[in-house]
Amino acid sequence: MAKKFLGKNFLLKSESAEVLYHQYAKELPIIDYHCHLSPQEIYENKTFRNLTEAWLGGDHYKWRVMRACGVDESLITGAAEDYDKFLAWASVMPKLIGNPLYHWTHLELQRFFDIRELLNEQTAPAIWEKANAKLQGEGFGARDLIMKSKVTVVCTTDDPADSLEYHFKIKELEGFTAKVLPSFRPDKFLEINRATFKPWLGKLEAATGKEIKSYGDLLAALEARIDFFHEAGGRVSDHALDTIEYRETTRREADAIFAKVLSKGKVTPLEEKKYKSYTMRFLGQAYAVRGWAMQLHIHALRNVNTAMFKQLGPDTGYDAINDGQVADALAGLLDGIQKAGTLPKTILYSLNANDYAVLASIMGSFQGGGVPGKIQLGTAWWFNDTKEGMIEQMKTLANLGVLSQFVGMLTDSRSFLSYPRHEYFRRILCDVLGDWVDRGEAPEDYELLGQIVTDICYGNAERYFAFPE
């Protein structure tokens, strides 16, 4: 007999999985240690005029599949009415069986709006009315949605030159118990051959109140901003290393390369690699001495459709998976930071699932220092954030590392309605462990397995990041 769609035991194929999910995972709070939510919107408790604004605005996951189903761009990112955009999304939904968006969409309707009808063209008008009535009522602002989801920590993604004004304001709010902490995202200053580099230096000068005339000035400014983020509660950095090409570099070389950028505006590809290598070594040390975790996001191929990039800009659904080499450069980077002093806690993500075993084997060579799971294989990211992608990541970690030390799931999202993805992850985790029990590959010891589930879903992240009280 077929199971009910999205029923109580959704994704749980065994009694063991059911026990692990319902008794251990289901009610745990959430630590969302990497996302792209707006701290200003959190502070202001932003409300949403309708479901389109809350659900479709900025969600390039949805935009990609709408295009694949032939929806006109005017109904995706264009000037069409919000209701018409919602109807377009509803028309696409029945075609998405097999895509995680089919599950996520219906989970979000159930968990936030208590809507259990399947979304399609016929049900869309009633769902629109019911969801909008709730969104426009009490308890559906941005902070309310965070609290409803039992989120204890939100780590936003922030430029080093940011004032962090809203992070400090959020701390003063009464009745809002979630911590909203900044993450240090210094990608712009690494890209020295881009036109954005010098304008960004100007912003950094304004933030620090000091001129940046040399590479030493830059490093001092960055360290000052790291301390500022630390004061605001930040304990995490984040780097989009779409490609890693590590080169051993001296400080003298880095000084000269930076001077050349300031005078001529461009450097050679080799000089750029050397600059990035030395600077990442410096940053790794700065993070390590402050007890931060460094996140490295690897192998995204961005803005592959030039015409649409010019029309819509970045983060609009025109990125892909890269397939470049990673092993030598990543090992060199981690080794370089280690040789310079101390390697920070580090989380390795790749957009290419073919890299999982490589990352897991390299990270095993840098564990230690008395820190459980010091180097992490990050959760299945972006295009891998699927049922099979999560299972592959978990099994690779179990095979080549220690699954029980995993810090678990994050949303990596711009939507306040994305938190049911944690439920999705937790159900899949419990099903993997339950399957091992049924196969006789793990003991039917629910105290042992339940502790592993609790740790992966919450406890490990709480201990690993050591966010301030």
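Q: In this predicted model, which element gives the most to the lining of the second largest pocket, and with how many residues?
A: The elements that give two or more residues to this lining are α1, α6 (100-113) and α19. Of the contributors to the second largest pocket, α19 gives the most. Its share is 5 residues.

Q: What is the volume of the second largest pocket, and which residues are the closest to its centre?
A: The second largest pocket has a volume of about 470 Å³. Its lining comprises 23 residues. Those closest to the centre are Y21, K26, R111, K150 and E423.

Q: How many charged residues does the lining of the second largest pocket have?
A: By class, this lining has 8 nonpolar residues and 5 polar ones. The charged residues of the second largest pocket number 10.

Q: Why are α1 and α19 described as oblique to each other?
A: Helix α1 (residues 15-25) packs against helix α19 (residues 420-438) with the axes 7 Å apart. The angle between them is about 140 degrees. Angles over 145 degrees count as roughly antiparallel and 65 to 115 as roughly perpendicular, with the rest oblique. The pair α1 and α19 is therefore oblique.

Q: Which residues of α19 meet α1, and is the crossing left-handed or right-handed?
A: From α1, the residues in contact are S16, A17, L20, Y21 and A25. They meet E423, R426, R427, C430, D431, L433, G434, V437 and D438 in α19. The crossing of α1 and α19 is right-handed.

Q: How do the residues of the contact of α1 with α19 divide by class?
A: The contact involves, among others, Y21 in α1 and E423 in α19. By class, the residues of the contact of α1 with α19 divide into 7 nonpolar, 2 polar and 5 charged.

Q: How many cavities of 30 Å³ or more does the structure hold, and what is the volume of the largest?
A: The structure holds 2 cavities of 30 Å³ or more. The volume of the largest cavity is about 60 Å³.

Q: Which helix gives the most to the lining of the largest cavity?
A: The lining consists of I31, Y33, V407, G408, M409, H422, F425, R426, I456, C457, Y458 and A461. By class, these residues divide into 9 nonpolar, 2 polar and 1 charged. Both α19 and α20 (446-465) supply at least two residues each. The most, 4 residues, comes from α20.

Q: Which residues line the second largest cavity?
A: By class, the lining of the second largest cavity has 6 nonpolar, 1 polar and 2 charged residues. The residues that line it are Y61, A380, W381, W382, D385, M409, L410, T411 and D412.

Q: What is the orientation of α4 and α5 to each other?
A: The axes of helix α4 (residues 60-68) and helix α5 (residues 82-92) come within 10 Å. They cross at roughly 70 degrees. Since angles of 65 to 115 degrees count as roughly perpendicular, α4 and α5 are therefore roughly perpendicular.

Q: Which residues make the contact of α4 with α5, and how many of the contact residues are charged?
A: The crossing of α4 and α5 is left-handed. In α4, K62, V65 and M66 meet K85, A88, W89 and V92 in α5. By class, the contact of α4 with α5 has 5 nonpolar and no polar residues, while the charged ones number 2.

Q: At what angle do α14 and α16 pack, and which residues of α16 make the contact?
A: Helix α14 (residues 269-289) and helix α16 (residues 327-340) pack at an angle of about 55 degrees, with their axes 9 Å apart. That angle makes α14 oblique to α16. On the α14 side the contact is made by M280, R281, G284 and Q285. On the α16 side it is made by L333, G336, I337 and A340.

Q: What is the handedness of the crossing of α14 and α16?
A: The residues of the contact of α14 with α16 divide into 4 nonpolar, 3 polar and 1 charged. The crossing of α14 and α16 is right-handed.

Key: Residues are numbered from 1 along each chain as its sequence is written. This is a predicted model: local features need pLDDT of at least 70, side-chain atom pairs count only at pLDDT 80 or more; totals for chains, interfaces and linings use all residues. Side-chain values use heavy atoms; hydrogens and water are left out. Axes are lines fitted to C-alpha atoms, for helices over the stretch in contact, and angles run from 0 to 180 degrees between N-to-C directions. Angles under 35 degrees count as roughly parallel, over 145 as roughly antiparallel, 65 to 115 as roughly perpendicular and the rest as oblique. A crossing is left-handed if the near helix is turned anticlockwise from the far one by less than a right angle, and right-handed if clockwise. Contact means heavy atoms within 4.5 Å. Ala, Val, Leu, Ile, Met, Phe, Trp, Tyr, Cys and Pro count as nonpolar, Asp, Glu, Lys and Arg as charged, and the others, Gly among them, as polar. On a 1 Å grid over the protein atoms alone, a cavity is a set of points where a 1.4 Å probe fits but cannot get out, and a pocket is an open set with protein on both sides within 12 Å along at least five of seven lines; lining residues have an atom within 4 Å of a point. Grid points are joined across faces, edges and corners, and a volume is the space filled by probe spheres set on the points.
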